[in-house]
Amino acid sequence: MGALKGTITYTKLYVRGTLDDSFRDLFVERIRLRAFQPLTIEGEEEQKVGWCSIEDPLDTDLDHNKLYYGSYLNLGLRTDRWVIPGPLLKAHLAEAERAHLQKRGREKLTRREKEEIRTMVSRRLRKQVLPVMNVVDLSWNLDSGVVRFWSQSQRVLESMMELFEDTFSVNLLPESPGASAITLELSEAHARALDAITPTTFHPVFA
């Protein structure tokens, strides 16, 4: 969260790419195709990621009115994942493995049997827990090409960038001195000079 309330700390990114004249309608279609879909107990996924309304993470029926605020496109990035406590999973796995061996009169499990028992136990335990939900706000200024994303977690940022670039067919460039320079539409000479820059360490390097 953060765009509408809460923290003002966000990650700034630049959009690289051109938008078609009819991009607003096209974006709604693409966003709806990538709207968040809930996890299921029988599903193989441990985690699911998708777009939701910035005002309500349970609202994935997205349209123009929920997405556009003047020159801004606003979204929520929702991530749900199964989190079964380790000790609980371990205890139930041990119990299921003992029962499996006893039933077959054996002392060891094959690798395949272990995987099958783990899948069976995990799905059974999913009925006793709810997926953990995380939602992060995103706001894209369509005029300036600047995206603000209310998370600084590298893992969450990478997940958002993958979904964003797939949804809108543009590239995202996280803010940095180099990225800021690129957005200034440098001359060819200045662009070459920028490419020739190498990192410099301003502190002692200890072995």
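## Burial and overall dimensions

Of the 207 residues in the chain, 34% count as buried. The model described here is predicted. Its secondary structure amounts to seven helices and seven strands, arranged along the sequence in the pattern β-α-β-α-β-β-α-α-β-β-α-β-α-α. The radius of gyration is 23 Å, well over the 17 Å that the globule rule gives for 207 residues, and the chain is therefore more spread out than a compact globule.

The C-alpha trace spans about 75 × 55 × 30 Å along its principal axes. Among contacts with a separation of 6 or more, 72% are between residues 24 or more positions apart.

## Division into domains

The chain is divided into two domains: domain 1 comprises residues 11-82 + 131-195, and domain 2 comprises residues 86-127. Taken over C-alpha atoms, the centres of domain 1 and domain 2 are separated by 40 Å.

In soluble globular proteins, nonpolar side chains tend to be buried together. In this model, the largest nonpolar core has 29 residues, and those with the most contacts inside it are Trp 51, Leu 73, Trp 140, Phe 149, Met 160, Phe 164 and Phe 168. At least two residues of this core come from each of β1 (11-16), α1 (23-33), β4 (72-81), β5 (132-141), β6 (146-149) and α5 (154-168). Helix α5 gives the most, with seven residues.

Which residues are in contact with Phe 164, leaving aside its neighbours within four places in sequence? They are Val 15, Trp 51, Leu 138, Trp 140, Val 147, Ser 169, Val 170 and Leu 172. A second, separate core has nine residues, including Leu 93, Ala 96, Leu 109 and Ile 117.

## Helix α3

The buried residues of α3 are Leu 89, Leu 93, Ala 96, His 100 and Leu 101. Viewed down the helix axis, these buried residues fall within an arc of 130°, so they line one face of α3. An α-helix has 3.6 residues a turn, so residues three or four places apart point the same way.

Pro 87, Arg 98 and Gln 102 are exposed on the other side of α3. The cover over the buried residues of α3 includes α4 (111-126). After α3 comes Gly 105, whose phi is positive, near 65°.

## Two individual positions

Neighbours within four places in sequence aside, Thr 79 is in contact with Gln 47, Lys 48, Val 49, Val 132, Met 133 and Asn 134.

Ser 187 is located in the loop between α6 (177-182) and α7 (188-195). With a relative accessibility of 35%, Ser 187 counts as partly exposed, since this class lies between the 20% limit for buried and the 50% limit for exposed. Ser 187 and Tyr 69 are 118 residues apart in sequence and, C-alpha to C-alpha, 34 Å apart in space.

Terms used. Residues numbered from 1 in each chain as written. Predicted model: local features only at pLDDT ≥ 70, side-chain atom pairs only at ≥ 80, totals over all residues. Heavy atoms only, no water. Buried < 20%, exposed > 50% of the residue type's maximum accessible area, 1.4 Å probe, protein only. Helix = DSSP H or I, 4+ residues; strand = E, 2+ residues; numbered from the N terminus. Arc of directions from axis to C-beta. Contact = heavy atoms within 4.5 Å. Domains from an automatic or database assignment. Core = buried A, V, L, I, M, F, W, Y, C linked by side-chain atoms within 4.5 Å. Rg over C-alpha atoms; globule rule 2.2 N^0.38 Å.
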